[in-house]
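User: I have a few questions about how the labels on this model were reached. Please set each value against its cut-off and conclude.

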Amino acid sequence: MISEFISYPFIQRALLASVMVGILCPFVGNFVVLRRMSFYSDAISHSAFAGIAAGALLGIDLSLSSIIVAVFIAVVIAFLSEKTGLSHDTVIGIAFSGAIAAGMLVMGMLKGYRTDMFTFLFGDILAITERDILMIFFVGMLTIIILLTFLKPFLQITFNRDLARVEGISVRFFEYLLFLIIAVVVTVSLKIIGMILVTSLLIVPAASAKNLASSMKRLFVYSCIFGVVSGVLGLAMSIYLDTSSGPTIVLVSIGIFFLTMIKRE
Amino acid sequence: MIALQVDNLCVKADNRHLIENITFSVEEGRIIAIIGPNGAGKTTLIKAVLGLIPYETGTVSLFGQPFKNNHSDIKVGYVPQRLEFDRTIPLTVSELLGFTLPPLYSVPFLKKKGAREHIDGLLNIVGAQALARRSIGSLSGGELQRVMIAKAIVNDPKVLFLDEPASGVDIEGQERFHDLVKRLNREKGLTVILISHDLNVVYRYADNVLCMNRKLICKGRPEETLTDEVIKSMYGEMMGAYTHSCHEHD
């Protein structure tokens with residue numbers, strides 16, 4: 001039965017996508033968890049809604065329009081946080097609700113029923129195309145190369161911003177860069193897991209890894225393992241149980257989280 | 001040679017001067033202590049010098065070169081008063097030091113020739129070799145301060161800024177810490193700028209003292225500068241000067 005399923009190209013694409021996103025999201029998610037940016041990643045994923053609505057209205061590629069709007073919202077959040085002196089969550093709340101409101105407004109202007117928009121809202125890993133796979137691959141490779149190259153400054157800033165500054169690190173540049181990376185990773189993962197649940201694939205494997213890891217190296221290794229296991233096992237279970245793939249993947253990752261909690265205790 | 005030159009430094013917040021027209025210089029290889037009551041602007045001064053907070057007017061130069069926003073070839077080390085970090089972060093002591101090791105833009109976690117020895121050597125200098133594999137969040141106050149000194153000297157800095165580095169550490173730990181700073185000053189020729197509340201530390205370890213209360217009150221050798229009058233003007237009538245009998249620890 002398993003070999004029969006694996007022979008279907010759409011299952012092969014789904015498996016490949018779940019492995020790639022299972023590595024990419026937790027890798028970036030470690031920074032989200034360590035920097036306590038969960039609300040930010042949630043806000044970015046929901047802000048992509050405005051991009052999807054705008055893309056549908058203008059007749060352009062929805063993935064592209066969602067990335068453009070998510071990156072724009074990321075820059076707005078970073079800029080307002082720096083310039084207004086308001087707390088980070090307040091700024092995120094303002095940008096987030098503004099993007100959702102704009103998305104709803106644009107959606108109201110659309111005529112007819114758009115099934116492709118719902119793929120972004122709830123995710124559909126089985127509907128992944130070869131083009132989507134290529135996009136995740138290239139974005140993923142670029143993201144991981146950037147993060148590995150700048151891992152030392154990113155981790156120094158995560159540890160203590162003042163000490164990083166004294167080391168000559170441009171904290172402002174790396175803050176903006178991290179905001180952009182999270183925005184891009186969230187939006188390319190939307191089609192797989194959906195806007196509502198994408199943050200969980202960023203946060204949950206990283207949080208599970210943090211429960212067990214005694215070093216930074218282990219944190220990165222464990223989180224990627226948990227991400228891949230959640231993706232592949234969740235996909236297999238969703239096929240076997242005939243359930244939606246996105247929520248099944250998320251529930252498997254939360255199951256792993258509770259197991260790591262027991263181990264931690 | 002003058003290691004640090006600060007001229008007319010003013011820091012303002014909400015139209016109020018936090019520090020005003022501070023001018024001083026520190027000669028290379030010297031330890032200078034900055035003292036003053038709570039709220040005198042000691043931490044503000046160090047943070048402004050390091051470019052961590054903006055200053056209204058004034059200039060800072062290190063070894064004759066302008067020093068602004070840490071864009072300088074001259075490396076400095078810094079140990080803050082209260083190190084704020086997430087104590088649950090899964091980060092070992094050797095990883096923390098490894099992230100600070102040059103080159104900055106290189107993939108960590110890879111075993112590089114000499115890096116391990118360099119980290120072990122640093123931990124050995126600060127007497128923390130047993131802590132290499134320990135999680136940074138599990139260290140005691142004294143252990144953390146020794147590791148932070150190791151982190152501050154990773155890049156072989158010329159000047160070390162210490163903002164009440166031994167606060168919250170027991171008496172024995174404080175003494176070990178200050179002895180370590182003195183040893184680094186002697187062996188590596190490090191220039192040290194040290195904020196301290198403890199006049200005993202100032203007398204024993206500092207070559208010069210700078211007294212401030214938003215403005216500069218006095219500067220010079222501790223035994224000449226810290227008169228009863230100066231100390232009372234800073235800390236109130238209940239305080240007075242005394243000279244410690246033993247000047248240095250070997």
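Analyst: Go ahead. This is a predicted model.

User: Why do S4(B) and S5(B) count as paired?

Analyst: Two bridges join S4(B) to S5(B), residues 65–66, and the strands run antiparallel. The cut-off is at least two, so the pair qualifies. Leu62(B) stands opposite Gln65(B) in S5(B). The hairpin of these strands has two residues between them, and Phe63(B) there takes a positive phi near 50°.

User: Which strand does S6(B) pair with, and in what sense?

Analyst: S6(B) is joined to S7(B), residues 159–163, by four bridges, and the two run parallel. Val159(B) in S7(B) is the bridge partner of Val76(B).

User: What makes both faces of S6(B) covered?

Analyst: Val76(B) and Tyr78(B) are on one side, Gly77(B) and Val79(B) on the other, and all four are buried. In a regular strand, side chains alternate between the two faces of the sheet.

User: Why is Ala50(A) called buried?

Analyst: The label needs 20 or more other C-beta atoms within 10 Å. Ala50(A) has 25, so it is buried. Ala50(A) lies in helix H3 of chain A, residues 38–58. Beyond its sequence neighbours up to four places away, Ala50(A) touches Val69(A), Ala99(A), Ala102(A), Gly103(A) and Val106(A). Pro26(A), by contrast, is 24 residues from Ala50(A) in sequence and 25 Å away in space, C-alpha to C-alpha.

User: How do you know that chain A agrees with a compact globule?

Analyst: With 265 residues, such a globule would have a radius of gyration near 18 Å; chain A has 18 Å, so the two agree. The C-alpha atoms of chain A fill a box of roughly 60 × 50 × 30 Å along the principal axes. Buried residues make up 50% of chain A. Take contacts between residues at least 6 apart in sequence: 73% of them join residues at least 24 apart.

User: How many helices and strands does chain A have?

Analyst: There are 13 helices and zero strands in chain A.

User: What makes up the side of chain B that touches chain A?

Analyst: In this interface, 26 residues of chain B are in contact with 25 residues of chain A. S6 (76–79) and H2 (93–100) of chain B each supply at least two residues of that side. H2(B) gives the most, with four residues. By class, the side of chain B has 17 nonpolar, six polar and three charged residues.

User: Which residues have the most contacts inside the largest nonpolar core?

Analyst: They are Val28(A), Ile44(A), Ile182(A), Ala150(B) and Ile193(B), in a core of 155 residues. This core draws at least three residues from each of domain 1 and domain 2 of chain B. Leaving aside neighbours within four places, Ile193(B) is in contact with Leu4(B), Val26(B), Ile32(B), Ile34(B), Ile46(B), Val159(B) and Phe161(B). In soluble globular proteins, nonpolar side chains tend to be buried together.

Key: Residues numbered from 1 in each chain as written. Chains lettered and ligands numbered in written order. Predicted model: local features only at pLDDT ≥ 70, side-chain atom pairs only at ≥ 80, totals over all residues. Rg over C-alpha atoms; globule rule 2.2 N^0.38 Å. Buried ≥ 20, exposed ≤ 12 C-beta atoms within 10 Å, placed from the backbone. Contact = placed C-beta atoms within 7 Å. Nonpolar A, V, L, I, M, F, W, Y, C, P; charged D, E, K, R; others polar. Core = buried A, V, L, I, M, F, W, Y, C linked by C-beta atoms within 7 Å. Domains from an automatic or database assignment.
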